Amino acid sequence: MMKWMTKAFSTKWKKFLMVGSCLILSAALLTGCGGGQNAASSGSGDDGKLVLYGELDPQVSGQQIIAEEKGFFKDEGLDVENKLMNGPDENAPLVASGEAKICFGSVYNNISVAANGVKVKVVAPLANAAGTQAVVAGKNVNISSPKDLEGKKIGMTNGAGVLIAVRNMCEATGTDINKIQFVNLQASDQLASLEKGDIDAMAAWEPWVGKAVAQGGKELFNGTHSYLPGAEGDVHWIDFYMTVQVQDSYLKAHPENVEKVLRALHKATDYINEHPEESAEIISKRINVDKDTCLRIIKKNKYSMKFDDQFIDGTNNMAKFMMDMKSIKKVPEIKSYVDMSLMKKLYPDEVTAK
């Protein structure tokens with residue numbers, strides 16, 4: 001398919017959701033490399049711009065892109081340069097070294113760096129991507145009830161966050177997860193195996209979910225909705241948040257800049273929710289993906305900067321899952337890497353977490 005699909009999204013999601021040993025190792029090593037404090041002491045790039053690091057992804061950097069393209073950063077008096085990487089594996093060492101003072105990514109990444117002692121703070125959620133985490137059955141596979149998944153082969157990358165949704169589905173429907181045979185495959189390989197009939201279903205994320213459906217597969221459930229016969233309806237089987245995080249040293253030295261960034265992102269959040277099609281057109285051009293694919297993914301996400309109990313619970317559950325998968329050695333306290341103070345100052349009604 002398009003370059004973004006085959007390179008950026010594929011590379012990103014393989015490391016985004018699977019056991020993050022390489023990412024974590026990079027963070028741990030670079031934390032003690034020196035130079036991090038100096039790098040974090042300035043808020044600008046060499047040309048005086050405020051550099052924001054993100055990803056070629058409509059859910060990680062959707063607001064980041066909209067805020068730049070619609071002039072929301074400029075409205076706040078900021079001169080911003082967006083650096084959009086292929087994935088978190090490229091941003092992780094920059095965060096750990098202190099070069100990336102403000103970075104956009106997933107809560108999975110936030111937990112990874114926090115567990116390794118990197119001093120950063122999540123200053124706002126951006127989107128809950130639970131709707132993009134899904135299980136798709138092959139076109140010739142008949143599923144008439146959730147328990148029909150017992151005995152089936154499901155392709156999934158080891159350690160992938162979508163496993164949380166599978167676990168919760170099984171618990172909610174009385175399906176025995178121990179009777180499901182999981183086959184360790186990367187998302188692109190899952191797609192090929194599903195087409196050939198080597199696996200009965202695949203557990204993955206966008207854009208692979210959409211690609212599987214396009215080749216005749218049937219989406220059985222995702223993190224927010226179930227299509228399983230006998231268990232149809234809205235569900236809450238996973239939370240997968242995208243966030244904006246800031247180096248502690250930069251946050252202390254330049255809180256006014258971070259406030260301006262948050263105000264611009266808040267405008268962008270409203271714009272995406274009010275104008276999804278226009279947003280998809282703007283974002284798709286920036287990340288080199290077709291508009292329809294971008295719009296499909298946007299509609300599956302819940303764009304919000306609210307710090308609520310769901311964010312706290314979802315983040316803690318993700319940390320526990322990562323511990324279970326041995327991708328971190330300890331679960332960091334959420335207060336060590338989440339700072340709600342600026343959002344509480346700017347938008348107090350949107351900070352309701354207990």
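Let's start with K196 and D198, which form a salt bridge whose closest N and O atoms are 3.7 Å apart. By salt bridge I mean a side-chain nitrogen of Lys or Arg within 4 Å of a carboxyl oxygen of Asp or Glu. K196 is exposed at 62% relative accessibility, while D198 is partly exposed at 45%. For these words, buried means under 20% relative accessible area, exposed means over 50%, and partly exposed is in between, with a 1.4 Å probe and protein chains only.

Before we go on, please keep in mind that this is a predicted model, where local features need pLDDT of at least 70 and side-chain atom pairs count only at pLDDT 80 or more, while totals for chains, interfaces and linings use all residues. Residues are numbered from 1 along each chain as its sequence is written, and side-chain values use heavy atoms, with hydrogens and water left out.

Back to the charges. How many salt bridges does the structure hold? There are 17. Take R286, which forms a salt bridge with E68, with 2.6 Å between the closest N and O atoms. This pair links distant parts of the chain, as R286 sits in helix α13 (residues 276-287) and E68 in helix α4 (residues 62-69), 218 residues apart. When I say helix or strand, I mean DSSP runs numbered from the N terminus: helices are H or I with at least four residues, strands are E with at least two. R286 is partly exposed, with a relative accessible area of 27%, and E68 is partly exposed at 26%.

R286 also meets E69 in a salt bridge, at 3.3 Å from N to O. Here too distant parts of the chain are linked, with R286 in α13 and E69 in α4, 217 residues apart. E69 has a relative accessible area of 44%, which is partly exposed. And there is a network to look for: salt bridges link E76, E259, R263, K267 and K345.

Now for the rings. Rings of Phe, Tyr and Trp (its six-membered ring) pair if their centres lie within 6.5 Å; planes under 30 degrees apart count as stacked, over 60 as edge-to-face and the rest as tilted. That rule gives 4 aromatic pairs. One of them is F72 with Y271, an edge-to-face pair at 6.5 Å centre to centre, with 65° between the planes.

F221 lies in strand β9 (residues 218-222), and W237 in the loop between β11 (233-234) and β12 (241-247), so the pair ties together parts 16 residues apart in sequence. F221 and W237 are both buried. Y241, F307 and F311 form one aromatic cluster.

Last stop, two helices. At what angle do α8 and α15 pack? Helix α8 (residues 162-173) and helix α15 (residues 309-324) pack at about 100°, with axes 11 Å apart. That makes α8 roughly perpendicular to α15, a label for angles of 65 to 115 degrees. In the contact, meaning heavy atoms within 4.5 Å, L163, I164 and R167 of α8 meet M318, F321 and D324 of α15.

Key:
Axes fitted to C-alpha atoms, helices over the stretch in contact; angles between N-to-C directions. Parallel < 35°, antiparallel > 145°, perpendicular 65-115°, else oblique.
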